[in-house]
Amino acid sequence: MAERHTQIITHSVAQTQSVGQILGATLKQAFIIALNGDLGSGKTAFVQGLAKGLDVSEKYYITSPTFTLINEYPGRHHLFHVDLYRIESVLELEEIGLDEVLHQDAVIAIEWADKLPEGTLSNHLAFQFKLISDESRQIDIFAYGLPESNLLKAVEKRVQTELKE
Ligand SMILES: Nc1ncnc2c1ncn2[C@@H]1O[C@H](COP(=O)(O)OP(=O)(O)OP(=O)(O)O)[C@@H](O)[C@H]1O
Ligand SMILES: [Mg+2]
């Protein structure tokens, strides 16, 4: 059961990036972030903002990790960007070494995390992205764990005051 839920509507890609940036800037420790939702709903855009909030150098341009499935960026906290879209079996998950990544002291953002076997992630924040229109996205955020719940509370506050069109 999620300990906290909030919903944010964004009206541009920049706003979705801002939500990621606010989360990244608020993070003080290692963290797991699960990202799910339709193709083109903004998961990668969110990770671009997250990287900015974690002070990842702008020389890195963040796209979905097409061939490697896992990309790694140095920042205020190390960022791992995982994309499980092409994963078809638990065996493949073992082959890409996700288990090892999940034990790193880092921020780990996982697109298509619903492909993981149930219970793989303990404490984490889960984002569900939904297309509303060309430029609007509904983002439901669920906190699993008390530190995650407190973090979500802080992010909600900042989003309310800082999100600009
Ligand atoms: N409010 C919005 N938030 C995020 N992206 C938006 C928004 N409005 C329009 N877009 C556009 O939607 C697309 C989102 O693409 P993105 O790669 O982030 O999606 P994704 O969820 O990672 O898709 P995939 O599942 O294919 O990896 C971009 O082309 C972006 O410009
Ligand atoms: Mg993507």
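This is a predicted model: local features need pLDDT of at least 70, side-chain atom pairs count only at pLDDT 80 or more; totals for chains, interfaces and linings use all residues.
1. Let's start with the ligand 1 shell. Helix H1 (13–26) and helix H2 (43–53) each supply at least two residues to the shell around ligand 1. Residues are numbered from 1 along each chain as its sequence is written, while chains are lettered from A and ligands numbered from 1 in the order in which they are written.

2. Who sits around ligand 1? There are 19 residues surrounding ligand 1, and the closest are Thr-16, Gly-42, Lys-43, Thr-44 and Ala-45. A residue counts as near a molecule or strand if its C-beta atom, placed from the backbone, lies within 6 Å of it. Sorted by class, the shell has eleven polar, four nonpolar and four charged residues. For that sorting, Ala, Val, Leu, Ile, Met, Phe, Trp, Tyr, Cys and Pro are nonpolar, Asp, Glu, Lys and Arg are charged, and the others, Gly among them, are polar.

3. Now H1 itself. H1 is mostly covered, with ten of its 14 residues buried. Buried means that 20 or more other C-beta atoms lie within 10 Å of the residue's own; exposed means 12 or fewer, and partly exposed is in between, with C-beta atoms placed from the backbone. The buried residues of H1 are Gln-15, Thr-16, Gln-17, Ser-18, Val-19, Gly-20, Gln-21, Ile-22, Leu-23 and Gly-24. They pack against S1, H2, S7 and H5, where contact means C-beta atoms, placed from the backbone, within 7 Å.

4. The expected span is 1.5 Å times one less than the number of residues in the helix.

5. Helix H5 (residues 146–162) passes a similar check: its 17 residues should span 24 Å at 1.5 Å a residue, and its end C-alpha atoms are 24 Å apart, which agrees. Which residues of H5 are buried? They are Glu-148, Leu-151, Leu-152 and Val-155. These cover an arc of only 105° around the axis, so they lie on the same side of H5; the arc is that of the directions from the helix axis to the C-beta atoms.

6. What covers that buried side of H5 includes strand S1 (4–10), H1, strand S6 (124–131) and strand S7 (137–144). On the face turned away from the buried side you'll find the exposed residues Leu-146, Lys-153, Lys-157, Gln-160 and Thr-161. Leu-146 counts as exposed because it has 11 C-beta neighbours inside 10 Å.

7. Asn-150 is partly exposed, because 13 other C-beta atoms lie within 10 Å. Have a look at Arg-4 too: Asn-150 and Arg-4 are 146 residues apart in sequence, yet 8.8 Å apart in space, C-alpha to C-alpha.

8. On to the strands. Four of the five residues of strand S4 (residues 79–83) are buried, so S4 is largely enclosed by the rest of the structure. Strand S3 (residues 70–73) runs antiparallel to S4, with four bridges joining them, and a hairpin connects S3 to S4 through five residues. Strands pair if DSSP finds at least two bridges between them. S4 and strand S5 (residues 107–111) run parallel, joined by five bridges.

9. His-81 is a handy landmark in S4. His-81 is the bridge partner of Asn-71, and in S5 the bridge partner of His-81 is Ala-109. Val-82 in S4 is the bridge partner of Ile-70.

10. Finally, two residues to check by eye. Most residues other than glycine have a negative phi. Asp-55, in the loop between H2 and S3, has a positive phi near 60°. Trp-112, in the loop between S5 and S6, also has a positive phi near 60°. Asp-55 is partly exposed, because 14 other C-beta atoms lie within 10 Å; Trp-112 is partly exposed, with 19.

Note on methods: Two residues are in contact if their C-beta atoms, placed from the backbone, lie within 7 Å.
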